[in-house]
Every structure is written in structure tokens, then in C-alpha cells.
Amino acid sequence: MYATYPGRVTAHGRKVRAALKDALGELVESRQQSTADLTRLTLTIAVRQAQASYGALLDPADLPADPGPEVEDGRGLSKVFTSAALAAGVGLVLCLSAGVERASLLFVPLTLFAIAAVIVASFTDRLGQLGRVSSTFNRHTGDAP
């Protein structure tokens, strides 16, 4: 039934995640009330999943109006960027020892960083995450065409 409305189910899922994050965040301030709220939300979700009501896991009153921006999970990319930075550092040292000057001193390490990041990401199955991260730098924010 909900397969015909994947956008609606995805939006509902984002709101459910935001509601659970809010309930978890309140554990610091009032542990007993937050635990009761979190238990109620979790049991409601479990019952609705058992009923295959994936587009209505929580009641609208339990959902936030705006879940906020979707934050990409960047864990796992630290190995990719660390390896790429190491390759860029080695390239910089080699350029300095070879007497390279001016623009090449910046171009070679940056190129090595980009190439190493793609290679390491492909070997660690993080190429999709790397693509999403790099797409954030390609967004146009100005009015220019």
C-alpha cells in the first residue's frame, strides 16, 4: 500500500527518527519522564510495524512539525580522508625535496589527495558516501547562472 508513496514514507521516517532523537535527548533533563515517553514511542512503533503500517509508525501528535535537515553519516570516511591526507603529505614532501615551486607545490598534493580518496573509498566500499560529501561542495548558493 505504501510502496506507491515512497516520498511520504521517507518523510514520515525522517520525522520518526527526529522524534526518537528528541526523546533520547531529553533523557539528560528528566530521566523518568523521558524513559516513559521513549518506551511509549518504541512500543507504538513496534505495534505499527507488526501491522505493516510503515507510513504511520507514530501518531501525528508525537511527530515534530519539521524534522530539520537530514544529516549524512560521515563515519567511516575518516579512514578515507586520513589515507588521502597521508598521500598528499608524502607528495608535498617529495615536491619540496625535488625543488618544485609555485603552483605545482599546491597542485600535486591536492591532486594526490583527490586520487587517493577515490581509490581508498572504492576499496573500503565508501565511494557512495564520498560522492555525497563531495556533492555538498558542488552546490550553487549564489544567484549566478
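Helices here are DSSP runs of H or I with at least four residues, numbered from the N terminus. The model is a predicted one, where local features need pLDDT of at least 70 and side-chain atom pairs count only at pLDDT 80 or more, while totals for chains, interfaces and linings use all residues. Residue numbers start from 1 along each chain as its sequence is written, and side-chain values use heavy atoms, without hydrogens or water.

**View 1. Val93 in helix α3 (residues 77–98).** Val93 has 54% relative accessibility and therefore counts as exposed (over 50%; buried is under 20%, partly exposed in between, with a 1.4 Å probe and protein chains only). Between Val93 and Leu105 there are 9.7 Å in space, C-alpha to C-alpha, and the two are twelve residues apart in sequence.

**View 2. Helix α4, residues 103–123.**

View 3. Pro109, Ala116, Ala117, Val120 and Ala121 are the buried residues of α4. They fall within an arc of 125° seen down the axis (taken from the directions from the helix axis to the C-beta atoms), so they line one face of the helix. Look to the other side of α4 for Ala103 and Phe107, which are exposed.

Technical notes. Helix = DSSP H or I, 4+ residues; strand = E, 2+ residues; numbered from the N terminus. Expected span 1.5 Å × (residues − 1).
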